[in-house]
Amino acid sequence: MSQQTKTSQPETASQPASPPAPEGTRGLPGSIDAVETLLTEAGYVADRGLATVVFLSLRLGRPLFLEGEAGVGKTEIAKTLAAALGRRLIRLQCYEGLDASSAVYEWNFAAQMMAIRTAEAAGAGSDRAGLQAELFSDDYLIRRPLLEAMQPDPAGAPVLLIDELDRTDEPFEAFLLEALSDFQVTIPELGTIKAPEPPIVILTSNRTREVHDALKRRCLYHWVDYPDFDREMEILTARAPGLAPRLSREVVAFVQALRTEDLFKHPGIAETIDWANCLLALDVIDLSPEVIADTLGAILKYQDDISRLHGSEAKRILDQARATLGPA
């Protein structure tokens, strides 16, 4: 894929010269339009606001914090960006109880025990200093995502995805604040390891709890909302191109109508795409209440929500959706 670079402009009194691009931005898109093109060619349809904040994150080397409902494309932006830039994607999936050691490194204790027994059998166990230096060397180090993201890579700094940060506890946030500040971690047996080139960092949150302001201030922030009808059509056309245009419009209109209902969990873009692929697999050519009832599990994930749409309710929402489309 061709790469676009920002064209320098001569300095004038009314237009000051742009600051030089920081180290590590070579090979990255040089404008907001270039970011939009890059993502679109990789199958991700981004609005102007998201493309702008992605460009600024790449340009300034700042972490990008994406917040929004589940299924709106926050994780996908990191995957798409890594693929489009030809960079390695390193994902840290957050969960309750995640601590620094689980996110950074651990020692291969099984291999260390085998090395100790081998040394004892060979009579080398008396050289304790040498054995200890060997046991706590790079050969026995298991790199977890944060440490892996700080390793040099010929293809360029990797994309580090810290996914669903809101699932972690506050102590991990405090550790992450320090790690993202200097892009370095300390391993007591080996010392401090600093990234030769800071990774491209994207953090996501489904906002099940508030993330501390101190961490947000380290990042550029963007709220990823549900798309409007036209943009969701673009996304569906890119991700499910085999779906007939008329059926695609009905699918998007129906999902958009569902998001106005009082449901426990509204369907995201991911569910729209899943549903479209299910309809393709079933060779559906036209939506009907019966088809909707049979495939609700693709768009709704809670039984209470599914129960609400059985019977006349599905037909009511389908009629409402078709009314917004006007005549065929």
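Predicted model: local features only at pLDDT ≥ 70, side-chain atom pairs only at ≥ 80, totals over all residues.
Me: What makes the approach of Ser 57 to Arg 62 a polar contact?

Reply: The side chain of Ser 57 reaches the backbone oxygen of Arg 62 at 2.6 Å. The cut-off is 3.5 Å, so the distance falls within it.

Me: What does Ser 57 touch, leaving out residues up to four places away in sequence?

Reply: Ser 57 touches Arg 62, Pro 63, Leu 64 and Leu 220.

Me: How do you know that strand 2 and strand 5 pair?

Reply: Five bridges join strand 2 to strand 5, residues 159-163. Pairing needs at least two bridges, so these strands pair. They run parallel. Leu 92 stands opposite Ile 162 in strand 5.

Me: What is the strand order of the open sheet?

Reply: The order is 2-5-8-1-9, five strands with parallel pairing.

Me: Why are strand 2 and strand 9 called edge strands?

Reply: Strand 2 (89-93) and strand 9 (220-224) each pair on one side only. Neighbouring strands of the sheet are turned by 20 degrees against each other on average, direction ignored.

Me: Which helix lies across strand 8, and at what angle?

Reply: Helix 3, residues 74-85, runs at about 160 degrees to strand 8 (200-205). Helix 3 also lies across strand 1 (64-68), strand 2, strand 5 and strand 9.

Definitions and conventions
Residues numbered from 1 in each chain as written. Heavy atoms only, no water. Helix = DSSP H or I, 4+ residues; strand = E, 2+ residues; numbered from the N terminus. Axes fitted to C-alpha atoms, helices over the stretch in contact; angles between N-to-C directions. Contact = heavy atoms within 4.5 Å. Polar contact = N/O pair within 3.5 Å; in protein donor to acceptor, adjacent residues only side chain to side chain.
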